[in-house]
Amino acid sequence: MVKIVFRPHPNERVKGYYIERFNDKDSKWERIADLQPRLRAEYIDKDLVDGKVYRYRVIAYTFDGLLSHPSRVIVTQTLSKPQKIVNLQASTDLPKKIRVTWQPVKDAVEYKVYGSTLGFGAGFKLIATTKNTVFVDNINKDGYTKYYKVSSVNKYGIESLKSQFVMGSTLPVPAKPVVSIEKGNKSVTFILSSPDKRAVKYLIKKDDGKKVINIHNVHSPYTDTNVQPKRSYTYKIYAIDNNGLVSKPSEVEVSF
């Protein structure tokens, strides 16, 4: 916006003022406001382009329609937009949340964070306003992908252009464990491994056809001696990482 202030005309025959702005595209003056009464000598021109030069002049008119000569032309420029955000990054290794960071912008008083599940510049909506250069988006889902843009805002409320988008994601659940077994007459031993090296322990759900027993805090190798002859058991083995995320199960059936 631009604020135009001038001294009221001393002639009491003056009814009001025409405010004119030069149209660079058409190379002509355009009347943008009619101010009344004579003592009203202030006008704010809004919704202008940031960082652009504008030219104005004022013409007084009397009650009987006479026009004064135009005032001298005033040349002014709206404030430029703040610097665009750079070095925008989003995490891919945190459980159930995404951490978005960016480089601080000089003279910025706050930042606006936009999010989208579509990506590629589409569907972005304002999700947060912050004074920090870090934003944590609590997703509460595993393996969830989201895209982000950030803009800076200065003390005048002028917002920069949005940054290029970045993709972030929450940590997916661990990979299913790889299971091999060594069966004895009255026992079965499980050799477990984690394809993505994330498992710190395993959970085994043992189904004997009548009930399911949960065996917690399992480490490889694990031997189950609580078996009976002429019985079949179904084992579901889950990998658990240090964040407590649980994989999908690998299933093994063992008959004695």
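I took a salt bridge to be a side-chain nitrogen of Lys or Arg within 4 Å of a carboxyl oxygen of Asp or Glu. The model is predicted, so I kept local features at pLDDT of at least 70 and side-chain atom pairs at pLDDT 80 or more, while totals for chains, interfaces and linings use all residues. Residues are numbered from 1 along each chain as its sequence is written, and side-chain values use heavy atoms, without hydrogens and water.

**Salt bridges.** I searched the whole structure and found 13 salt bridges. I looked up Arg57 and Glu20, whose side chains meet at 2.7 Å, N to O. Arg57 is in strand 5 and Glu20 in strand 2 (residues 14-23), 37 residues apart; strands are DSSP runs (E, at least two residues), numbered from the N terminus. Arg57 counts as buried at 19% relative accessibility, and Glu20 counts as buried at 7%. For these classes I used under 20% relative accessible area for buried, over 50% for exposed and partly exposed in between (1.4 Å probe, protein chains only). I also noted that Glu20, Arg31 and Arg57 are linked in a network of salt bridges.

**Asp241.** I found a salt bridge from Asp241 to Arg198, with the closest N and O atoms 2.6 Å apart. Asp241 lies in the loop between strand 19 and strand 20, and Arg198 in the loop between strand 15 and strand 16, so the pair ties together parts 43 residues apart in sequence. Asp241 is buried, at 3% relative accessible area.

Terms used:
Helix = DSSP H or I, 4+ residues; strand = E, 2+ residues; numbered from the N terminus.
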